Amino acid sequence: MKIIKIIGGLGNQMFQYALFLALKEKYPEEIIKLDCSYFKTYSVHTGLELHRVFGVELPQASFIELLRVTWPAYSFKLSRMIRKVFPPRSTECLEAKDYTYNEQVFSEGDKYYDGYWQNFLYFDSYRDVIKSAFDFKIPLNTESASLYQSLQESNSSISIHVRRGDYLKAKNYVGLCDLKYYEAAIGYMKKHVTNPVFYVFSDDMDWCRRYLSPLTGEDSICYVDWNKDKDAPLDLLLMSKCKYNIIANSSFSWWAAYLNNHVDKIVCAPQKWTNTKVNCRVQMFDWILF
């Protein structure tokens, strides 16, 4: 039996679920389940979103099944304490802190997978399966439905994702994706896209209106500021429907760019993804880095 722990915001849940799908493809005859128990006490972000947003299957492991491969905690803080006190069990497969690909992830035998698995090498071989699973089922509100239609008809739409909020104080992310990054990425798009139309998605629209408008100049710019709380995943959907993407160092817009199916898309991404040491490329190989 293999069990994948699900935790974090929607973007991280998608990385974990992508590993789940890859393991199902690799081991079609084996029992593979999810550990979603942490959401009973995990209050960060908006909770477990995978089924609500994508309608995907969430086969959840029982307590007895979890006990076979890990120490069930049902609490994020408690699990961190256990990690500090006890060494990993032989059945526990932990994500490398520097995101390095671990070939043992796909070895045989019972395993419990603990991590975010933000390395596309774990699942990109099954890209069609992944994209098919992440087909949005969340209903569109009026404003998003209108924009969705416009994006379907546009050949010059460019999403810009700006994540500030919790990143302003998080030591792993503070100081990254600054104004110089957006200036370089927007400048690149203006050189390569005829009559560009920029669509801004952010948790800090005041900052965006103040600093991004001068960078786009006379080109059209739209601030997508209506998707709040439970409608937030609609921003991911709309970004994925833009022909081009300028993403932040965020799993949320990473997935928007990955799900963008335009053949000749351009994706601009930050060169430095985190302040921690990373020994692999989080960004896809064909993305433009600044």
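**Ground rules.** I number residues from 1 along each chain as its sequence is written, and my side-chain values use heavy atoms, with hydrogens and water left out. The model is predicted, and local features need pLDDT of at least 70, side-chain atom pairs count only at pLDDT 80 or more, and totals for chains, interfaces and linings use all residues.

**Entry 1, four-strand sheet.** I looked up the strand order and found an open sheet, β2-β1-β4-β3, with parallel pairing. Strands (E, at least two residues) and helices (H or I, at least four) are DSSP runs numbered from the N terminus. Two strands pair if DSSP finds at least two bridges between them. The edge strands are β2 (32–35) and β3 (92–94), each pairing on one side only. Neighbouring strands here are turned by 25° against each other on average, direction ignored. I then checked β1 (residues 2–5) and β4 (residues 111–114), which run parallel and are joined by three bridges. Ile3 stands opposite Tyr112 in β4.

Contact means heavy atoms within 4.5 Å. Axes are lines fitted to C-alpha atoms, for helices over the stretch in contact, and angles run from 0 to 180 degrees between N-to-C directions. Of the 17 residues of α1, 14 are buried. Buried means under 20% relative accessible area, exposed over 50%, and partly exposed in between, with a 1.4 Å probe and protein chains only.

Six of the six residues of β5 (residues 157–162) are buried, so β5 is largely enclosed by the rest of the structure. On one side of β5 I noted Ser157, Ser159 and His161, and on the other Ile158, Ile160 and Val162. Six bridges pair β5 with β6 (residues 197–202) in the parallel sense. His161 has Phe201 as its bridge partner in β6.

I checked the axes of α10 (residues 233–241) and α11 (residues 251–259), which come within 8 Å and cross at roughly 35°. The contact includes Leu236 and Met239 of α10 and Phe252 and Trp255 of α11.
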